[in-house]
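Here is a report on one protein model.

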Amino acid sequence: MRWLDKMADGIRNGLRSFLQINPPQQTVFQVTEQMDYYGNAAVNRIWARGDASEIQDMYKIMPGTVNRIRFWAAVPTEGNDINKLHTGLPKLMRRILTDIVISDMGKITVDGKWESIWAEIGEDSEFEDIIEKALDEILTVGDGAFRVVLQPKLSELPIIEFVPGDCIEYVTERGRLKEIIFRTVYAKKEGTFILEEHYGRNYVRAELLKGKDPVPLNTITDTESLSPEVTFTGNFMLAVRFMAFKSDKYPDRGASIFDGKTDAFDSLDESWSQWMDALRRGRSREYIPENMLPVDPKTGAIQPPNAFDNAYIKISKSMAEGSSDKIEVEQPAIPHDSYLSTYSNALDLALQGVLSPSTLGIDIKKLDNAEAQREKEKVTLYTRNKLVRAVQKTVPKVVNMALKAYMTLNKTPIEDVTCEVAFGEYANPSFESQVETVGKAKAQGIMSTEACVEEMYGDSKDKKWKNAEVARIKEEQGIAKVEEPTVNMDAGDFSTNFGG
């Protein structure tokens with residue numbers, strides 16, 4: 001029996017070591033990008049322009065098999081043409097977001113002696129309009145850069161400009177920005193020239209290219225006054241990058257609000273065009289027997305159909321027994337509810353994560369109260385806050401850059417200048433509800449007077465005014481700070497040494 005046990009053990013051991021798992025082989029996925037950053041920026045710019053003919057032409061030449069079957073690229077069968085309509089939503093989204101941020105932007109505060117100088121520079125360059133243009137551009141193409149240009153012939157002050165990202169290239173090293181290259185295209189009879197201006201720390205270098213070959217700057221009149229290279233003291237750059245959202249597709253570049261939304265825009269335009277096409281094809285038709293057609297009372301001739309007020313279709317008189325002549329009106333049934341549902345879903349998908357429909361004036365539920373409307377505005381508030389943070393981070397750098405250029409121009413010591421940008425509140429509750437909420441928190445002892453004043457007024461009042469308001473409130477409440485009484489220990493000729 002022992003040999004049976006040994007045989008069973010051998011079988012069990014063999015089965016135990018039979019299972020062998022090999023590690024998976026490495027898999028390499030090769031995906032070809034259809035467009036680079038500049039091609040993607042061009043597509044977004046066409047959508048932002050809002051011209052239906054331009055969108056159709058763009059999709060007909062876009063690479064990729066998927067784009068060939070898009071609504072805007074599709075070519076209908078002859079005789080079944082459809083009127084392709086564009087809703088203009090991308091252009092509206094960009095404009096509304098820009099207006100929301102710019103309308104809430106307050107005064108740019110510069111500390112010290114440089115306040116008046118910055119006021120002159122900002123007015124000379126029309127800085128508020130530049131900020132508006134910059135926001136509009138980064139929402140469209142993703143990013144851009146401010147730069148300072150020194151041209152004494154045009155202005156004695158530094159000139160601030162903004163250049164969108166599709167005319168810029170960034171040179172980075174380990175995530176650090178080393179240089180910004182601004183490209184300007186000049187189309188001349190002799191050919192196309194590209195001016196590359198390299199803005200780095202301590203220098204600005206200009207180079208003119210014809211094709212890929214460098215040529216002298218005085219080859220064309222537009223660049224003959226430029227210097228090949230300008231250097232200055234101080235470890236700073238006369239250019240500042242500006243972006244609000246980072247791109248997941250293109251490293252070190254900004255993301256547009258249209259990225260990932262073009263398919264939704266295409267579907268929205270298709271649903272709207274289909275709905276309008278159904279309305280056009282679903283017009284009522286009036287069938288009138290020949291002996292009942294309208295005639296001219298003077299001549300007795302049958303009046304021809306008129307597309308505006310006398311549209312009809314002539315039919316022969318019925319010769320069937322028992323039939324009678326009558327006018328028949330045919331009205332095709334149009335499934336409006338189905339079209340509306342499709343359009344609403346496409347609209348929600350296009351706005352998702354960027355804007356609330358309420359921001360665009362689309363009232364989904366007319367019975368919503370003010371609080372419910374503010375809840376719907378939260379998506380817009382998140383996007384707006386992201387843009388505000390980008391402006392508050394970038395504008396002080398631009399102010400410092402312009403003032404340092406002024407210091408360099410006037411050969412004064414280079415120094416950093418403190419700058420702040422104030423913004424008002426967006427979609428804030430009414431003053432009465434704020435008073436009620438803050439008052440309850442104050443009564444329950446969970447908010448100080450300083451916190452209450454800060455919550456009530458936010459950026460609408462400056463720090464000096466809020467400090468004075470806190471002092472006034474405390475004084476009225478009888479909790480104003482007073483000097484503590486002190487004991488005079490000077491006893492004069494009397495001895496304070498008791499007991500000896």
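## T140, a buried helix residue

T140 has 1% relative accessibility, so it counts as buried. Buried means under 20% relative accessible area, exposed over 50%, and partly exposed in between, with a 1.4 Å probe and protein chains only. T140 sits in helix α6 (residues 127-141). Helices (H or I, at least four residues) and strands (E, at least two) are DSSP runs, numbered from the N terminus. Leaving aside neighbours within four places in sequence, T140 is in contact with N44, R45, A48, R94, S256 and F258. Contact means heavy atoms within 4.5 Å.

This is a predicted model: local features need pLDDT of at least 70, side-chain atom pairs count only at pLDDT 80 or more, and totals for chains, interfaces and linings use all residues. Residues are numbered from 1 along each chain as its sequence is written, and side-chain values use heavy atoms, with hydrogens and water left out.

S271 belongs to helix α7 (residues 262-281). Its relative accessibility is 6%, so S271 counts as buried. Not counting residues up to four places away in sequence, S271 touches T342, Y343 and A346.

Is N218 buried or exposed? At 54% relative accessibility, N218 counts as exposed. N218 lies in the loop between β8 (213-215) and β9 (229-231). From C-alpha to C-alpha, N218 and L208 are 9.1 Å apart in space; in sequence they are 10 residues apart.

## The β3-β2-β10 sheet

Three strands form an open sheet in the order β3-β2-β10, with antiparallel pairing. The edge strands are β3 and β10 (239-243), each pairing on one side only. From one strand to the next, the twist averages 25 degrees. Helix α10 (residues 378-409) packs on this sheet and touches β2, β3 and β10. The direction of α10 makes about 170 degrees with that of β10. Axes are lines fitted to C-alpha atoms, for helices over the stretch in contact, and angles run from 0 to 180 degrees between N-to-C directions.

Strands of a sheet pair through backbone hydrogen bonds, either parallel or antiparallel. Here, strand β2 (residues 143-149) and β3 pair in the antiparallel sense over six bridges. Two strands pair if DSSP finds at least two bridges between them. R147 stands opposite E161 in β3. G144 has P164 of β3 as its bridge partner. Why is strand β3 (residues 159-164) largely enclosed by the rest of the structure? Five of its six residues are buried.

## Helix α2 against α3

Two packed helices are described by the angle between their axes and the distance between the axes. Helix α2 (residues 37-49) and helix α3 (residues 52-61) have axes that come within 8 Å and cross at roughly 155 degrees. The two are therefore roughly antiparallel to each other. Angles under 35 degrees count as roughly parallel, over 145 as roughly antiparallel, 65 to 115 as roughly perpendicular and the rest as oblique.

α2 passes α3 in a left-handed crossing. A crossing is left-handed if the near helix is turned anticlockwise from the far one by less than a right angle, and right-handed if clockwise. V43, I46, W47 and R49 of α2 meet E54, I55, M58 and Y59 of α3. By class, this contact of α2 with α3 has six nonpolar, no polar and two charged residues. Ala, Val, Leu, Ile, Met, Phe, Trp, Tyr, Cys and Pro count as nonpolar, Asp, Glu, Lys and Arg as charged, and the others, Gly among them, as polar.

## Two oblique pairs

Helix α4 (residues 89-104) and α10 pack at about 55 degrees, with axes 10 Å apart. α4 and α10 are therefore oblique to each other. Their crossing is right-handed. The contact is made by L97, I100, V101 and D104 of α4 and T380, T383, R384, L387, V388 and V391 of α10. The residues of this contact of α4 with α10 divide into six nonpolar, two polar and two charged.

Helix α12 (residues 449-457) and helix α13 (residues 463-476) pack at about 130 degrees, their axes 10 Å apart. α12 and α13 are therefore oblique to each other. α12 passes α13 in a right-handed crossing.

## Overall totals

The protein has 13 helices and 14 strands. Of its 500 residues, 35% are buried. Among contacts between residues at least 6 apart in sequence, 64% join residues at least 24 apart.
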